[in-house]
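Me: Could you take me through how the features of a structure like this one are read, giving the general idea and then the case at hand?

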Amino acid sequence: MSLPKGLAEEVSRNLVMVARLIDEDPEQAYAYSRIALRLASRVAAVREAAGFAAYATQKYSEALAEFRAAKRMTGSVELWPVMADCERGLGRPERALAMAGEPEVQKLDKAGQVEMRLVAAGARRDMGQLDAAIVTLQSPELASNSVQPWTARLRYAYADALLAAGREDEAREWFAKTVEADKDGTMDASDRLAELDGVEFVDALGGDEPDDVDADDEDDEQDAAEVAAAERASDQAEYYDEDDEEYEPLEGSAADVDVDVTDEIAVVEDEDEDEDEDDARDRDKA
């Protein structure tokens, strides 16, 4: 609303494209975010979108700068967890842990606090503190039976940490709980669970093919080779370059025919003279 109408519409179109592409084509989303940023760098929503686009393309330093700018403009702390995760991406897990202890965390809503817990646990794992990461994830939100938007991710992170610590039975239990909470199937918890149970997936469309299929493949390859050879021969005969030293004309092609133009002209002239004499004799008889 702070922009002129025409400019606001242009910026909005670019922000819409960022939102549409950020999951499937983050690089393209990033390109749209840069256009919006060039047009309206003083708008907090633009800085935030640019931050998420940079974050999706693992440009963590750039993302952190944009998130900090958005935070200054709005005074909101909702970006605090993703800012801490940028610190992890930059190889500074100790800074992420320090941010987890700042007063800003207390101002986050429940979803933001769970996200901050996930980031802190990840930072612990980055530092090789696996047991501490497991303890960090243990919380009332993890123990709750109610399914919230963050439940599947929290359970998955906990199961993965348990597995990394060699606690397979507990990991199996929490991967199973993750499957229960992941209604949309966005996580691979079921695959991880099957892996722990020793289940191997076989491609029903794969397997050994009958012997005659190999013969058919050989025939197809031979046919394809013949077609390709015919196309090359046609190309050579029609488009050859006489000055090309590497060109070798095919037998029987137009390139092999040596035409004597003077002989051809002489034959035509003889035919014309014979026709004139026949016409003269016809006139005398008449």
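This is a predicted model: local features need pLDDT of at least 70, side-chain atom pairs count only at pLDDT 80 or more; totals for chains, interfaces and linings use all residues.

Me: How many helices and strands does the protein chain have?

Reply: Helices (H or I, at least four residues) and strands (E, at least two) are DSSP runs, numbered from the N terminus. On that basis the protein chain has 14 helices and 0 strands. Of its 286 residues, 28% are buried, where buried means under 20% relative accessible area, exposed over 50% and partly exposed in between, with a 1.4 Å probe and protein chains only. Taking contact to mean heavy atoms within 4.5 Å, 47% of the contacts between residues at least 6 apart in sequence join residues at least 24 apart.

Me: Which residues have the most contacts inside the largest nonpolar core?

Reply: A nonpolar core is a set of buried Ala, Val, Leu, Ile, Met, Phe, Trp, Tyr and Cys residues joined through side-chain atoms within 4.5 Å. The largest here has 26 residues, and those with the most contacts inside it are F67, L79, W80, M83, A84, L108 and M116. At least two residues of this core come from each of α1 (5–21), α2 (26–39), α3 (44–56), α4 (60–74), α5 (80–89), α6 (93–100) and α7 (110–126), and the largest share, 5 residues, is that of α5. Leaving aside neighbours within four places in sequence, W80 is in contact with K71, M99, E102, E104, V105, L108 and M116. A second, separate core of 20 residues includes L142, Y156, A159 and W174.

Me: How is the packing of two helices described?

Reply: Two packed helices are described by the angle between their axes and the distance between the axes. The axes are lines fitted to C-alpha atoms, for helices over the stretch in contact, and angles run from 0 to 180 degrees between N-to-C directions. Helix α10 (residues 151–164) and helix α11 (residues 168–181) pack at about 165°, with their axes 8 Å apart, which makes α10 roughly antiparallel to α11 (under 35 degrees counts as roughly parallel, over 145 as roughly antiparallel, 65 to 115 as roughly perpendicular and the rest as oblique). Among the residues making this contact are Y156 and A159 of α10 and W174 of α11.

Me: At what angle do the axes of α11 and α12 cross?

Reply: The axes of α11 and helix α12 (residues 189–196) cross at roughly 150° and come within 9 Å, so α11 is roughly antiparallel to α12. The contact includes F175 of α11 and L193 of α12.

Me: What is the phi of Q58, and where is Q58 found?

Reply: Most residues other than glycine have a negative phi, and most peptide bonds are trans. Q58, although not a glycine, has a positive phi of about 65°; Q58 is found in the loop between α3 and α4 and, at 58% relative accessibility, counts as exposed.

Me: Where does R92 lie, and with which residues is R92 in contact?

Reply: R92 lies in the loop between α5 and α6 and counts as partly exposed, at 23% relative accessibility. Leaving aside neighbours within four places in sequence, R92 is in contact with L64 and E87. The C-alpha atoms of R92 and A123, 31 residues apart along the chain, are separated by 8.4 Å.

Conventions: Residues are numbered from 1 along each chain as its sequence is written. Side-chain values use heavy atoms; hydrogens and water are left out.
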